[in-house]
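I opened this one to look at copies, an annotated domain and some helix packing. Here is the model I had on screen.

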Protein chains: 2
Amino acid sequence: MYDVFFQKFNEKISLTEQEENFIRQYLTPKKLRKRQYLLQEGDICKSIALLEKGSMRSYLVDPAGQEHITAFALEGWTIGDLSSFHSELPSTQNIDALEDCELVLISKSAHDELLRTMPKYETYFRLLITDAYLALQKRTLSMISLSLDDRYKAFMESYPNIAQRVPQHMIASYMGLSPETLSRIRSRINTSK
Amino acid sequence: MYDVFFQKFNEKISLTEQEENFIRQYLTPKKLRKRQYLLQEGDICKSIALLEKGSMRSYLVDPAGQEHITAFALEGWTIGDLSSFHSELPSTQNIDALEDCELVLISKSAHDELLRTMPKYETYFRLLITDAYLALQKRTLSMISLSLDDRYKAFMESYPNIAQRVPQHMIASYMGLSPETLSRIRSRINTSK
DNA sequence: GCCTGATCTTGACCAAAATCAATAGAATTT
DNA sequence: AAATTCTATTGATTTTGGTCAAGATCAGGC
């Protein structure tokens, strides 16, 4: 149990068996059915989740009622609304399962206690959020500096596994495009090579 | 010396005088004239900088030769290319001074040693990068979900002090717009109220 | 196995932003 | 003080992506 979680943890900071067992007490397993919510707009995000299995997305709804996907997650990825988790204020995001999922949850109180008592956990989390920052920065820079065609190519290179598992219109939403435009980008790219 | 640096540090984690002096050894002051580079594309980002005084920007140049501003920094803000700093690979960004600046630098080796030896530094840095992540996320979400008018309003609310010190065409660049479009957004907003 | 709903593509049309161009006012430099 | 450069605005035109609509394919539910 928690195999993927500890594998990912050990990639950043290696743990002894005792340390793994210490952390284990703070973890909670959770299963979600496809389409089930982990978090809904207005909720406070009380835990961050690592996916052992399945796929998820987070999205927000704009003033005009349109959904915009803000993130995807696959096995081994972490998902949650860090803003709400950190501030303990209601979230503006929704997170739900795209497939049946198995998760590992760390509650806010467990997280805070691990930060206080276990330096390796703080290091793990610092590295985790550094990676998240770098990935987000890459996304943001591609949005301001690349053509649509290049942005799509960059997305496909960075996340080929997402493209395989997620419908195309959701990728369009993630990129801030209409599904029709993404379809046209694809046909443009395919004919030009 | 380093007043702003320690003020910002203490806002996150409070330090004793001894701790301040311990950190002080690892810091280097630097002055930059307006238009002077802190980092150029191809350089490895060897230190992160906190601005004691002045203002800076970072930008990148796209394949078509066009500049895109990726970040601004004012007094008390931290700037640098975290991607290059972290990976020790050449940067794709340029960072230069918009006004005469006074900086505090932490080199990569100083940073690594502080992380190893001083838990409070690691906590400080974790909180710093968490804030950076949250700010970047806010920016990214506004790019995919808001109208241009709302994005501009949100920018002005979040960073009124940037708008006061930075020419408008740079704000347009930061937002990924042409200067003409930003000018038209402004006139639209001004006439409608 | 059929039906419904979801997904993707393509076309026609429209709206929004980029580009090109001209102007004028500010700020720096000499 | 004059000259040069930087900055912002406005108009005309072009390009790009969004919206609306129709049709085709596929998957899952009954």
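My notes on it follow.

**Ground rules.** I am working with a predicted model, where local features need pLDDT of at least 70, side-chain atom pairs count only at pLDDT 80 or more, and totals for chains, interfaces and linings use all residues. Residues count from 1 along each chain as its sequence is written, chains are lettered from A and ligands numbered from 1 in the order written, and side-chain values use heavy atoms, with hydrogens and water left out.

**The two copies.** I laid chain A on chain B and got an RMSD of 0.0 Å, with a turn of 180° and a shift of 0.0 Å along the axis (least squares on C-alpha atoms of residues with pLDDT of at least 70 in both). The two copies are thus related as by a two-fold rotation axis. The same surface serves both, as 100% of the contact residues of chain A recur in chain B; contact here means heavy atoms within 4.5 Å.

**The annotated stretch.** I looked up UniProt, where an unreviewed entry puts "domain: Cyclic nucleotide-binding" at residues 14-115 of chain A. Its positions use the numbering here, feature names are shortened, and annotations may be inferred rather than shown by experiment. Over residues 14-115 of chain A I noted 22% helix and 41% strand, with the end C-alpha atoms 16 Å apart (DSSP runs, H or I of at least four residues for helices and E of at least two for strands, numbered from the N terminus).

**α6 against α9, chain A.** Helix α6 (residues 148-158) and helix α9 (residues 179-191) of chain A pack at about 85°, axes 10 Å apart. Axes are lines fitted to C-alpha atoms, for helices over the stretch in contact, and angles run from 0 to 180 degrees between N-to-C directions. So α6(A) and α9(A) are roughly perpendicular (65 to 115 degrees). From α6(A), A:Leu148, A:Asp149, A:Tyr152 and A:Lys153 meet α9(A) residues including A:Leu182, A:Ile185 and A:Arg186. I sorted this contact into five nonpolar, one polar and four charged residues. Nonpolar covers Ala, Val, Leu, Ile, Met, Phe, Trp, Tyr, Cys and Pro, charged covers Asp, Glu, Lys and Arg, and the others, Gly among them, are polar.

**α6 against α8, chain B.** The axes of α6(B) and helix α8 (residues 168-175) of chain B come within 12 Å and cross at roughly 115°. B:Leu148, B:Arg151, B:Tyr152 and B:Phe155 meet B:Ile171, B:Tyr174 and B:Met175 there. I count six nonpolar, no polar and one charged.

Definitions and conventions:
Angles under 35 degrees count as roughly parallel, over 145 as roughly antiparallel, 65 to 115 as roughly perpendicular and the rest as oblique.
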